[in-house]
Amino acid sequence: MIKSARNKSGILCYWDDALNASKVKSPKEDIEQKQLNAHSTFLYPELSPMFFHVVNESGGGGSAFYGNKLNTLGRKKGTPDWFVMVPSGEYHGLIIELKRTRKKDSSISKESANFLLLAEKLGYK
């Protein structure tokens with residue numbers, strides 16, 4: 001069953017209790033990113049151009065030069081993984097900071113928490 005609650009930083013989080021309690025280590029985040037992309041594209045093909053992964057990492061083997069280039073292009077610490085540019089009710093869109101299935105396999109950074117809280121104040125869910 002999917003549950004939701006605000007964490008100690010005030011961020012609204014969703015998780016599956018059964019998967020969170022599993023003793024099996026979570027898939028890597030990039031695997032879950034691929035699954036999110038495939039699933040959302042399947043469910044909403046006409047809207048799929050409006051949701052996307054924000055390329056905000058340089059990868060494990062990224063060079064200092066490439067990392068610096070990304071910074072000068074506007075890469076910001078804490079930028080979330082997904083942006084859904086589809087308004088719904090009072091919200092302008094949806095911003096997702098995807099974490100691994102089991103809570104203990106990953107955590108949210110202070111920069112990500114600050115970004116998500118500000119985005120929520122500005123009308124994003």
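Trainee: What does alanine 119 touch, leaving out residues up to four places away in sequence?

Mentor: Ile95 and Tyr124. Keep in mind that this is a predicted model.

Trainee: Which residues make up the largest nonpolar core?

Mentor: There are five: Ile11, Ile95, Ala113, Leu116 and Ala119. Helix H4, residues 110-121, gives the most to this core, with three residues.

Trainee: Switching to helix H2. Which of its residues are buried?

Mentor: Glu32, Gln33 and Ser40. They sit on the same side of H2, because the arc they cover around the axis is only 105°.

Trainee: And what is exposed on the other side of H2?

Mentor: Lys34 and Phe42 are exposed there.

Trainee: What covers the buried residues of H2?

Mentor: The cover includes strand E3 (51-53) and strand E4 (82-84).

Trainee: How far apart are the end C-alpha atoms of H2?

Mentor: They are 21 Å apart. H2 has 15 residues, 29-43, and at 1.5 Å a residue the helix should span 21 Å, so the two values agree.

Trainee: Now the whole protein. How many helices and strands?

Mentor: Four helices and five strands. The order from the N terminus is β-β-α-α-β-α-β-β-α.

Trainee: How much of the protein is buried?

Mentor: Of its 125 residues, 24% are buried. The protein exposes about 8800 Å², and 61% of that comes from carbon and sulfur atoms.

Trainee: What about contacts between residues 24 or more positions apart?

Mentor: They account for 58% of the contacts with a separation of 6 or more.

Note on methods. Residues numbered from 1 in each chain as written. Predicted model: local features only at pLDDT ≥ 70, side-chain atom pairs only at ≥ 80, totals over all residues. Heavy atoms only, no water. Helix = DSSP H or I, 4+ residues; strand = E, 2+ residues; numbered from the N terminus. Expected span 1.5 Å × (residues − 1). Buried < 20%, exposed > 50% of the residue type's maximum accessible area, 1.4 Å probe, protein only. Arc of directions from axis to C-beta. Contact = heavy atoms within 4.5 Å. Core = buried A, V, L, I, M, F, W, Y, C linked by side-chain atoms within 4.5 Å. Areas by Shrake-Rupley, 256 points an atom, 1.4 Å probe, with all protein chains shown as cover.
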